[in-house]
Amino acid sequence: MHKTKAEKKAHVEKLMEIVGLAPRLANVYPHELDGGRRQRIGIARALALDPKLIVCDEPVSALDVSIQAQVLNLLRELQKEYNIAYIFITHDLSVVNHFSDDIAVMYLGQIVEKAPSKELFNNPVHPYTKALLSAIPIPDPDAQVEQIPLKGEISSPINMARDCHFAARCPYATEVCHASTPELVNRGDEHFVACHLF
Ligand code: SF4
């Protein structure tokens with residue numbers, strides 16, 4: 001639908017208001033804005049098309065913690081207000097835990113475990129997921145957490161063999177792990193895992 005210049009301007013002003021950007025910032029250059037505001041512009045641009053799904057690729061990784069919380073809260077408010085689904089791609093598992101309903105853990109491009117967020121954090125099954133969760137920093141000097149170090153080289157993602165791609169680093173690998181790729185299987189309660197152990 002064609003929009004007049006005035007309509008476009010009004011649309012931009014509305015989007016800026018939705019993402020919490022002051023009208024006085026409408027004509028500033030990107031380098032004049034801090035990271036949080038630049039991220040809000042990215043969100044406004046995504047909203048301009050009235051989406052039902054937004055793919056957020058590391059949306060808060062470059063921001064400091066307090067700004068991260070602001071951007072995550074904004075995304076959550078927008079989700080409720082406009083009924084938007086997110087595919088949220090991140091390496092930060094604390095953020096994932098705080099934000100996601102369902103989590104899929106990927107290793108070398110394959111989903112190795114998938115479950116509702118609470119279930120995955122309370123009952124991780126795949127050896128890679130367990131190692132990832134054990135590495136989450138806990139802001140409590142008295143907390144006793146046993147870290148699971150991952151040894152070995154990451155396999156090359158080019159010409160992948162028909163094995164478990166995690167086999168070279170997995171402490172539980174057996175012969176079958178080097179011979180066939182495990183399928184993603186539902187263990188019940190929508191908890192899927194791809195591992196020959198299960
Ligand atoms: S399939 Fe084998 S190598 Fe892969 S995660 Fe399971 S036990 Fe480890």
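Strand E1 (53-57) and strand E2 (85-89) each supply at least two residues of a nonpolar surface patch, which is made by Leu53, Val55, Ile87 and Ile89 and covers about 340 Å². This is a predicted model, in which local features need pLDDT of at least 70 and side-chain atom pairs count only at pLDDT 80 or more, while totals for chains, interfaces and linings use all residues. Residues are numbered from 1 along each chain as its sequence is written, and side-chain values use heavy atoms, with hydrogens and water left out.

**Surface patches**

- Patches are made of residues with over 30% relative accessible area and no salt bridge, where like charges are joined within 9 Å and nonpolar side chains (Val, Leu, Ile, Met, Phe, Trp, Tyr) within 5 Å; the accessible areas come from the Shrake-Rupley method with a 1.4 Å probe, and for residues only the protein chains shown count as cover.
- A negative surface patch is formed by Asp101, Asp102, Asp189 and Glu190, with Asp and Glu counting as negative, Lys and Arg as positive, and His and the chain ends not counted; the place of a charge is taken as NZ of Lys, CZ of Arg, CG of Asp or CD of Glu.
- Glu190 is found in the loop between strand E5 (185-186) and strand E6 (192-193), and with 46% relative accessibility it counts as partly exposed.

**Salt bridges**

- The structure holds two salt bridges, a salt bridge being a side-chain nitrogen of Lys or Arg within 4 Å of a carboxyl oxygen of Asp or Glu.
- Lys9 and Glu13 meet in one of them at 3.0 Å, N to O, and both lie in helix H1 (residues 5-18), four residues apart, which is about one turn of the helix.
- Asp34 forms a salt bridge with Arg37, with the closest N and O atoms 3.2 Å apart; Asp34 is partly exposed at 38%, and Arg37 is partly exposed at 33%.

**Overall fold**

- The chain contains seven helices and six strands, which are DSSP runs numbered from the N terminus (helices are H or I with at least four residues, strands are E with at least two).

Note on methods
Buried means under 20% relative accessible area, exposed over 50%, partly exposed in between (1.4 Å probe, protein chains only).
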